[in-house]
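Colleague: I have not worked with this one before. Could you take me through it?
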Amino acid sequence: MSTAPDEPAGGWDALRAEAVAASAHAYAPYSRYRVGAAALVDDGRVVSGCNVENAAYGVALCAECGLVSQLHRTGGGRLTHFTCVDGQEQLIMPCGRCRQLLWENGGPDLLLLTRSGVRRMDEVLPDAFGADDLA
């Protein structure tokens with residue numbers, strides 16, 4: 001079974017299901033706002049993460065942080081497809097910090113499933129700051 005160029009292997013529904021499963025493991029005792037994220041890696045792996053709150057709010061970790069940590073812990077690579085959901089399984093957008101994190105690990109071609117459809121990373125973070133800016 002082949003997929004459209006903007007659809008991950010297994011389809012967006014399968015990737016979203018991974019994000020939903022990840023959200024069940026969120027540690028959100030303060031806000032009760034559970035988040036799960038999942039992404040396809042260029043070698044076919046699926047990585048995921050959940051949010052982890054902290055009493056010192058500024059050091060809480062977004063789901064994307066755990067996802068990127070798992071990406072590097074399991075061999076690195078580039079993210080190709082990404083989605084994020086809340087505890088009610090609704091699609092949500094990554095925050096600004098996490099958009100930067102996703103740019104670093106997926107680049108401008110990373111595809112995000114959003115409420116308004118599939119968007120490229122360079123659409124959700126135009127004129128991004130990246131490694132080329134440090135050269």
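Colleague: How much accessible surface does the chain have, and what share belongs to carbon and sulfur atoms?
Modeller: This is a predicted model. In it, the accessible surface of the chain is about 7,300 Å², and carbon and sulfur atoms account for 53% of that area.

Colleague: And the charges? How many positive and negative side chains are there?
Modeller: There are 11 positive side chains and 17 negative ones. The centres of these two sets are 7 Å apart.

Colleague: Turning to the fold, which elements does the chain have, and in what order do they run?
Modeller: The chain has four helices and five strands. Starting at the N terminus, their order is α-β-β-α-β-α-β-β-α. The radius of gyration is 14 Å, close to the 14 Å given by the globule rule for 135 residues, so the chain is as compact as a globular protein of that length.

Colleague: What share of the residues is buried?
Modeller: Of the 135 residues, 40% count as buried.

Colleague: Which residues touch the most other members of the largest nonpolar core?
Modeller: That core has 21 residues, and the ones with the most such partners are V47, L67, L79, F82, L110 and M121. The elements giving two or more residues to this core include β1 (35–41), α2 (63–73) and α4 (121–124). Apart from this core lies another of eight residues, including A38 and L113.

Colleague: Back to M121, what does it touch beyond four places away in sequence?
Modeller: M121 touches R99, L102, W103, G107, P108, L110 and L112.

Technical notes. Residues numbered from 1 in each chain as written. Predicted model: local features only at pLDDT ≥ 70, side-chain atom pairs only at ≥ 80, totals over all residues. Heavy atoms only, no water. Rg over C-alpha atoms; globule rule 2.2 N^0.38 Å. Buried < 20%, exposed > 50% of the residue type's maximum accessible area, 1.4 Å probe, protein only. Areas by Shrake-Rupley, 256 points an atom, 1.4 Å probe, with all protein chains shown as cover. Lys, Arg positive; Asp, Glu negative; His and termini not counted. Charge placed at Lys NZ, Arg CZ, Asp CG, Glu CD. Core = buried A, V, L, I, M, F, W, Y, C linked by side-chain atoms within 4.5 Å. Contact = heavy atoms within 4.5 Å.
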